[in-house]
Amino acid sequence: MAYDKFNILTTSGVPLPIENVDTDQIIPARFLKATERKGFGDNLFRDWRYNSDDSPKKDFVLNNPKYSGRILVGGKNFGSGSSREHAAWAIYDYGFRCVVSSFFADIFRNNCLNIGVLPVQVSPEFLQKIFQAIEADPNTQIEVNLPEQTITILETGEHESFDINVYKKDNMLNGFDDIDYLLNIKEQIQEFATNRPL
């Protein structure tokens, strides 16, 4: 399933300064019945966003109108717990294209990269600077530059570099998942198969 190409994202951020956010908190297990990637955004952080009567919890950040944007800024150890792909699906379906944290669970990181959500791991110090900037001004603009592999707080110019696998970076720049990548090099694969001696 192809997704939008990711190049340079400039947007405000939604702060979630909570450590050890696991995948069951991101998308509770009772919502994992669907097999397509659509509709999961409605239940992103379901138990944190809504009361038992489905009314929104006013104190949760996604229900606060002053916070918006396509970057979710989380605390340390984001995406721990079970390996469910649905957690990344819910984040993408809600509208986030980037998650920033000082540490990601490996499986969650890869699940994000497979569907077009860029996990940007920064130092704990820079993460705190982002939280402080958003707290001071919820409209603070953050630039995530995938080609240059940098994240910048535009108001102050403070920036930091981040790492990403070369293959995953190329896929995100082109909007490819793994199947799209193989289809894109179909002719080279066929040529290799044709020329390979039996």
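1. A disulfide is a covalent bond between the sulfur atoms of two cysteines; taken here as a pair of cysteine sulfur atoms within 2.5 Å, the structure holds 0 of them. Cys-98 counts as buried at 0% relative accessibility, and Cys-112 is likewise buried at 0%, where buried means under 20% relative accessible area (1.4 Å probe, protein chains only).

2. On provenance, this is a predicted model, in which local features need pLDDT of at least 70 and side-chain atom pairs count only at pLDDT 80 or more, while totals for chains, interfaces and linings use all residues. Residues are numbered from 1 along each chain as its sequence is written, and side-chain values use heavy atoms, with hydrogens and water left out.

3. The protein has 8 helices and 8 strands, these being DSSP runs numbered from the N terminus (helices H or I, at least four residues; strands E, at least two). Of its 198 residues, 46% are buried. Among contacts (heavy atoms within 4.5 Å) with a separation of 6 or more, 66% are between residues 24 or more positions apart.

4. An open sheet is formed by 4 strands in the order β2-β3-β4-β5, with parallel pairing, and two strands pair if DSSP finds at least two bridges between them. β2 and β5 (118–121) stand at the edges with a single partner strand each, so one side of each is left without a neighbour in the sheet. From one strand to the next, the twist averages 20°, with axes fitted as lines to C-alpha atoms (for helices over the stretch in contact) and angles running from 0 to 180 degrees between N-to-C directions.

5. Strand β2 (residues 13–16) is joined to β3 by 4 bridges, with Gly-13 having Ile-71 as its bridge partner. β3 also pairs with strand β4 (residues 98–101) over 3 bridges, in the parallel sense, and here Ile-71 stands opposite Cys-98, the buried cysteine of the opening point.

6. Helix α5 (residues 124–136) lies across β2, β3 and β4, running at about 120° to β3. At the β5 end of the sheet order, 4 bridges join β4 to β5 in parallel, and Ser-101 has Gln-121 as its bridge partner in β5.

Definitions and conventions. Buried < 20%, exposed > 50% of the residue type's maximum accessible area, 1.4 Å probe, protein only.
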